[in-house]
Every structure is written in C-alpha cells, then in structure tokens.
Amino acid sequence: MSPPGGYRSKIVSLEDMARISREAQTKGIRRILCHGKFEVMHPGHTRHLEWASRQGEILFVTLADNCPDWTSQVPVETRLENIAALSMVDYVAKVPCLDATGSVAILRPDILVRGVEYRTFRRQLAEREKAELAKHGGQLVFSPGSAGYSLTGGDDRAFSGRGERQASLLNLI
C-alpha cells in the first residue's frame with residue numbers, strides 16, 4: 001500500500017494520512033496505526049512495527065513532535081525518515097501530541113497497536129486511547145515481545161527480555 005517513489009514519499013501530513021485512511025476504509029482495507037516518539041530506532045521498535053504490519057493491510061505511523069511535555073534530542077525530520085525507510089511502514093506523519101488520541105480521532109483506524117508496556121505503567125494513557133477507539137469501533141491491541149531501550153528513561157528496559165510466550169499471555173485482554 002506504500003506510495004510509488006522513494007521512502008521519503010511515505011512521509012505525509014496528518015491531513016493527507018487521514019484522506020488515505022478514509023479511501024482505504026471505503027475499499028474495506030484493514031487500517032493499522034502505531035504511535036510513538038521513535039527517538040532512536042532499536043530492535044524493539046522494528047519488531048513492534050513488523051508485528052503491527054501483519055495485523056492489517058496498511059500501516060500508518062504517527063510520531064510525536066516536540067511539545068511542552070517532551071522534547072526530543074533527535075530532530076523530527078530525522079525520526080520521520082527513519083520510520084519511512086522501514087519496508088513494513090506505509091505512511092508516517094508527525095503529530096503535536098504524545099498520546100495517540102488525536103491520531104485515532106482523525107484517522108479512525110481499525111486497530112491501534114501499542115507495546116506491551118502500555119498494559120502496565122502506561123495503562124492510563126492506553127485507556128484514554130481505547131475510549132477514543134471505541135467511538136468508531138476500533139480496537140486496541142498490544143504487540144508481543146520486548147520493548148527495548150529508551151533515551152528518555154529506564155522504564156522501557158523493565159520489559160526487555162520478556163519471552164514471546166509471556167508477552168502473548170499479556171496480550172490477552
């Protein structure tokens with residue numbers, strides 16, 4: 001479902017992504033959304049996005065731009081290119097918020113895929129996103145596997161090393 005041209009053609013505005021999402025919905029295409037900071041790409045991100053891409057036919061990724069609550073050490077243009085260069089990603093756009101509720105409201109995906117860490121210490125955020133998804137019949141699911149590493153704190157490391165079986169059990173809602 002990726003556009004023709006080089007990987008940079010996958011970087012779109014949120015408005016264009018919304019139009020593409022609506023067109024895909026009218027064709028019955030299952031639309032998946034991932035959202036995050038993606039400050040420094042690591043294997044956990046890659047596994048998360050690969051798993052998410054297998055849940056549907058088109059994978060949208062929105063990434064948080066700098067905002068009052070968070071400022072990245074990596075320019076947003078660099079993060080957009082890093083995500084766009086991945087073969088499993090169809091489209092990527094920046095958004096002005098850390099949570100996915102705004103992206104969900106605009107894109108109305110069939111599924112929002114979050115990492116397993118959103119079941120525990122980021123649960124409140126996931127609950128808000130789940131409520132937004134429910135407004136149009138979307139689902140929140142959690143990808144299996146380890147979260148990897150984080151530049152902004154050690155919280156993600158608490159989940160590294162989880163086995164696939166344990167992560168799959170955590171994926172049950």
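Leaving aside neighbours within four places in sequence, Glu 132 is in contact with Thr 101, Val 104 and Ala 105, where contact means heavy atoms within 4.5 Å. The structure is a predicted model, in which local features need pLDDT of at least 70 and side-chain atom pairs count only at pLDDT 80 or more, while totals for chains, interfaces and linings use all residues. Residues are numbered from 1 along each chain as its sequence is written, and side-chain values use heavy atoms, with hydrogens and water left out.

Glu 132 lies in helix α5 (residues 123-134); helices (H or I, at least four residues) and strands (E, at least two) are DSSP runs numbered from the N terminus. With a relative accessibility of 17%, Glu 132 counts as buried, a term that means under 20% relative accessible area, as against over 50% for exposed and in between for partly exposed (1.4 Å probe, protein chains only).

Five strands form an open sheet with parallel pairing, in the order β3-β2-β1-β4-β5, two strands being paired if DSSP finds at least two bridges between them. Because β3 (91-95) and β5 (139-142) stand at the edges with a single partner strand each, one side of each is left without a neighbour in the sheet. From one strand to the next, the twist averages 25 degrees, as given by lines fitted to C-alpha atoms, with angles running from 0 to 180 degrees between N-to-C directions.

Strand β1 (residues 31-36) is largely enclosed by the rest of the structure, because six of its six residues are buried. Arg 31, Leu 33 and His 35 point one way from β1, whereas Ile 32, Cys 34 and Gly 36 point the other way. Strand β1 pairs in the parallel sense with β2 (residues 58-64) over six bridges, and three bridges join β1 to β4 (residues 111-114), also in parallel. Cys 34 has Val 61 as its bridge partner in β2 and Val 113 as its bridge partner in β4, while Leu 33 is bridged to Leu 112 of β4.

The largest nonpolar core has 23 residues, and those with the most contacts inside it are Met 17, Phe 60, Tyr 91 and Leu 112; such a core is a set of buried Ala, Val, Leu, Ile, Met, Phe, Trp, Tyr and Cys residues joined through side-chain atoms within 4.5 Å. The elements that give two or more residues to this core are α1 (14-26), β2, β3, α4 (101-107), α5 and β5, and α1 provides the largest share, five residues. A second, separate core of 20 residues includes Ile 32, Cys 34, Phe 38 and Leu 63.
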